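The sequence and the structure are shown below.

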Amino acid sequence: MRELVFTGGTVILPDRLCAESNVVCRDGLVAAISKKKTLPRGVQVVDLGGAFLSPGFIDIHVHGGQGADFMDGSLAAVRTACMAHARHGTTTLFPTTTTGSPEQIAAMLAACAEFQSQIRSGGQGPNLAGVHLYGPYFAEDKVGCHSVSGRRDPRPDEYSSYFASGIVRIATCAAELAGAKEFYRAARRARCLITGGHSNASWTEMQSAFKAGLRHVDHFWCAMSSVPSLRTRFGVPMQASMAEFVLMNDAMSTEVIADGCHLSAELLEFAYRMKGAERLCLVTDCNRALDMPPGKYRFGNERDGSWLLSDGQVGWSADGKSLASSIVGMDHMVRQMKRSTSATLPEVVRMASLTPAQRSGIADHVGSIEVGKQADLLVLSKQLKVKKVFVRGEPFEPDES
Ligand SMILES: [Zn+2]
Ligand SMILES: [Zn+2]
């Protein structure tokens with residue numbers, strides 16, 4: 001029996017900060033959170049030295065890192081991207097598909113399943129909780145930085161094999177596409193979090209999507225409908241969009257890319273105040289340019305994905321006119337959200353851990369520092385920099401990967 005005790009810092013719980021508590025971990029799980037001054041004998045002690053102990057971050061929307069995109073479809077690419085994000089504090093990922101061919105998506109699912117089984121049989125690295133099937137079912141006028149040729153409407157003969165693989169846990173489809181409702185029903189049978197994105201859907205289309213199981217919208221304000229975009233689509237009277245639908249409906253959650261480049265501080269504050277920490281997730285939506293020098297990179301598959309330009313802060317489309325996803329890890333998003341909004345530290349961390357865990361259905365074993373949950377823990381400095389990462393109670397040593 002292996003025991004590890006974290007002491008001498010401030011523990012970040014979902015609803016409060018807890019100073020002077022010890023967190024005891026045994027066999028990879030949190031065994032106790034106690035105020036006891038004396039530590040049991042023979043345990044391994046991690047002195048936090050006044051730092052924060054945070055739950056590991058959970059990213060439900062992430063494409064790659066350190067030169068690799070999950071859509072490259074190889075075990076090596078999945079491993080590289082997962083390890084890169086773990087260094088930034090993400091201990092649980094949902095690798096996210098882009099648009100692409102059915103063969104590319106099938107290869108990505110298979111590579112993720114292989115990595116997942118390696119980790120589950122004792123391999124080193126973060127948890128791969130499942131895949132976010134994101135592309136290819138986007139609206140043609142909202143494809144954004146994804147390759148247009150890889151976009152299509154949902155067809156059961158394609159997606160039934162994805163769901164049958166068992167690894168898809170989050171499923172996106174634009175609500176206005178032909179076949180969207182059938183897709184949502186299939187995703188619901190597969191017990192996925194159902195989400196809509198890269199979509200110009202109207203209120204009415206969102207209502208019927210909601211009936212079919214939709215409960216989340218990808219990267220709020222980015223590649224989604226607005227009152228003006230629907231006016232262009234339908235004329236007058238002006239109609240409510242995905243934005244109003246999410247803001248008015250308490251059962252709907254959403255996510256923000258809080259890298260400081262996609263959304264201004266007041267939009268982050270607005271999203272937090274309107275949805276609250278229980279319905280707003282932080283995501284990285286990070287591409288392969290994480291921890292890479294500025295330059296030109298493929299978004300999606302390494303052979304035929306669309307090009308993006310990294311300026312060292314964010315990704316841009318090849319023409320330099322629009323953003324093309326982020327290039328930073330979850331630790332950056334947490335610092336930015338804390339700096340930009342009135343959310344408390346427990347709330348900001350919750351948006352990067354417990355809330356995405358609850359929305360994606362994995363909160364029974366990860367997402368917060370709670371007795372019985374996995375000891376996925378971060379030592380964060382006062383400035384919220386990642387000092388140490390623990391996955392299932394083991395120190396994560398990125399250099400050994
Ligand atoms: Zn997107
Ligand atoms: Zn994305």
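Strand E8 pairs with strand E11 (residues 90-95) in the parallel sense, over four bridges. Two strands pair if DSSP finds at least two bridges between them. Helices (H or I, at least four residues) and strands (E, at least two) are DSSP runs, numbered from the N terminus. The model is a predicted one: local features need pLDDT of at least 70, side-chain atom pairs count only at pLDDT 80 or more, and totals for chains, interfaces and linings use all residues. Residues are numbered from 1 along each chain as its sequence is written, and chains are lettered from A and ligands numbered from 1 in the order in which they are written.

Valine 62 stands opposite proline 95 in E11. Strand E8 (residues 57-62) is mostly covered, with six of its six residues buried (20 or more other C-beta atoms, placed from the backbone, within 10 Å of the residue's own).

An open sheet of six strands, with mixed pairing, has the order E3-E2-E7-E23-E24-E25. Its edge strands, E3 and E25, each pair on one side only. E2 and E3 run antiparallel and are joined by three bridges; valine 11 has cysteine 18 in E3 as its bridge partner.

Strands with their residue ranges:

| Strand | Residues |
|---|---|
| E2 | residues 10-12 |
| E3 | residues 17-19 |
| E25 | residues 394-395 |

Helix H1 (residues 75-87) and helix H2 (residues 102-120) have axes that come within 8 Å and cross at roughly 60°. Axes are lines fitted to C-alpha atoms, for helices over the stretch in contact, and angles run from 0 to 180 degrees between N-to-C directions. Leu75, Ala77, Val78, Arg79 and Cys82 of H1 make the contact with Ala111, Cys112, Glu114 and Phe115 of H2; contact requires C-beta atoms, placed from the backbone, to lie within 7 Å. These residues divide into seven nonpolar, no polar and two charged. Ala, Val, Leu, Ile, Met, Phe, Trp, Tyr, Cys and Pro count as nonpolar, Asp, Glu, Lys and Arg as charged, and the others, Gly among them, as polar.

The domain assignment of the chain gives domain 1 (3-53 + 386-400) and domain 2 (56-365); such bounds come from an automatic or database assignment. The C-alpha centres of the two domains lie 31 Å apart. Across the boundary, 12 residues of domain 1 are in contact with 15 residues of domain 2. Strand E24 (residues 386-391) gives three residues, the largest share of the side of domain 1 that touches domain 2. That side divides into nine nonpolar, no polar and three charged residues.

Conventions
Two residues are in contact if their C-beta atoms, placed from the backbone, lie within 7 Å. A residue is buried if 20 or more other C-beta atoms lie within 10 Å of its own, exposed if 12 or fewer, and partly exposed in between; C-beta atoms are placed from the backbone.
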